[in-house]
Amino acid sequence: MPTLLVIPMSFSGSRFLSFPPETWSLRWYRAYFDSVEWRAATSVSLQAAAWTTVVATVTGTLAAYGLHCSRLKITKHLSVLLVLPMIIPVILLAVGVFMLFAPLQLNSSLTGLVLSHSALAIPLVLITVTAGMRNFDLNQEQVARSLGASRPRAFVTVTLPQIRNSVLSAALLSFVVSLDEVVIALLIAGGDMATLPRRMFLALRDEIDPTIASISTILILLSILLLGLSQLLDRKRPK
């Protein structure tokens, strides 16, 4: 309910946030699109989310495939290691990332953002793709390999088409995770590399700008759309 209240508040014509709005206007949406600072932060967030989607989806999918096919006893321990970012409090992960990136000069860089966001997204990709792998018969891939196909070619031509809905669903989740992340961004995304959630947080700290409500509404609708697509793809996944 608090989330839904933001939507009508974003159309308020008042200089202050109020519910219900006394007047209706698009002034705060215009303020967002006319602001160089907000547009720059949006650009950084979209770039980081796009690259995070690529890195996390590829890495997580390959990890899920390797762990699913492996018969080693260490597999379970590796699975736990890969999902640790979902278990550890994000603030602790943020501090660790900051200390690690400082000597490498990756703080306040797009590369640093992508790597740190990927660490949060890979566990989701791993879990989602692993669920898809469990519904896939590996004998199909083994038949392709027995007919002369290399393992990479068998994966791309046989396995990947069978689990594509799971992979696409995982990619959408990765995008949402990166786009909404704020805790790590507060520590490592400074200067020109400030993300949209970070700039929103700092703006709320100084004053309650109604522009925040319009940006929040856009993010809410985008997140709902992407998660809805993720659920749709999950339903189409072979059972």
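This is a predicted model: local features need pLDDT of at least 70, side-chain atom pairs count only at pLDDT 80 or more; totals for chains, interfaces and linings use all residues.
This passage describes the fold, the surface and selected residues of a single protein chain.

Residues are numbered from 1 along each chain as its sequence is written, and side-chain values rest on heavy atoms, with hydrogens and water left out.

The chain contains 13 helices and 0 strands, where helices (H or I, at least four residues) and strands (E, at least two) are DSSP runs numbered from the N terminus. Along the sequence the pattern is accordingly written α-α-α-α-α-α-α-α-α-α-α-α-α. Taken along the principal axes, the C-alpha atoms fill a box of roughly 70 × 45 × 25 Å. Among contacts with a separation of 6 or more, 69% join residues 24 or more positions apart, a contact being defined by heavy atoms within 4.5 Å. The accessible surface of the chain amounts to about 13300 Å², and 68% of this surface belongs to carbon and sulfur atoms.

Helix H7 spans residues 110-133. The helix has 24 residues and reaches 32 Å from its first C-alpha to its last, close to the 34 Å expected at 1.5 Å a residue; the expected span is 1.5 Å times one less than the number of residues. Because 17 of its 24 residues are buried, H7 is largely enclosed by the rest of the structure. A kink of about 35° lies at alanine 119, shortly before proline 123. The bend at a residue is the angle between axes fitted to the seven residues ending there and the seven starting there. Alanine 119 itself counts as partly exposed, with 28% relative accessibility.

A nonpolar patch on the surface is formed by Met86, Ile87, Ile88, Ile91, Leu92, Val95, Phe98, Met99, Ile127 and Leu187, with about 920 Å² of accessible area together. Helices H5 (84-87) and H6 (90-104) are the elements that give two or more residues to this patch. The largest share, 5 residues, comes from H6. Patches consist of residues with over 30% relative accessible area and no salt bridge, like charges being joined within 9 Å and nonpolar side chains (Val, Leu, Ile, Met, Phe, Trp, Tyr) within 5 Å. A salt bridge here is a side-chain nitrogen of Lys or Arg within 4 Å of a carboxyl oxygen of Asp or Glu. Isoleucine 127, a member of the patch, is located in H7 and is partly exposed, with a relative accessible area of 45%.

The loops on either side of H7 were examined next. In the loop between H6 and H7 lies glutamine 105, which has a positive phi of about 60° although it is not a glycine. Glutamine 105 is exposed, at 70% relative accessible area. Serine 108 is placed in the loop between H6 and H7 and likewise has a positive phi of about 60° without being a glycine. With a relative accessible area of 38%, serine 108 is partly exposed. Asparagine 135 occupies the loop between H7 and helix H8 (139-146) and is partly exposed, with a relative accessible area of 39%. Asparagine 135 and alanine 194 are separated by 59 residues in sequence and by 41 Å in space, C-alpha to C-alpha.

Serine 174 belongs to helix H10 (residues 164-180) and counts as buried, at 0% relative accessibility. Leaving aside neighbours within four places in sequence, serine 174 is in contact with Thr52, Thr53, Ala56, Thr57, Ala121 and Val125. Leucine 62 is located in helix H3 (residues 36-69) and counts as partly exposed, at 47% relative accessibility. Between leucine 62 and isoleucine 224 the separation is 162 residues in sequence and 27 Å in space, C-alpha to C-alpha.

Note on methods:
Buried means under 20% relative accessible area, exposed over 50%, partly exposed in between (1.4 Å probe, protein chains only). Accessible areas come from the Shrake-Rupley method with a 1.4 Å probe; for residues, only the protein chains shown count as cover.
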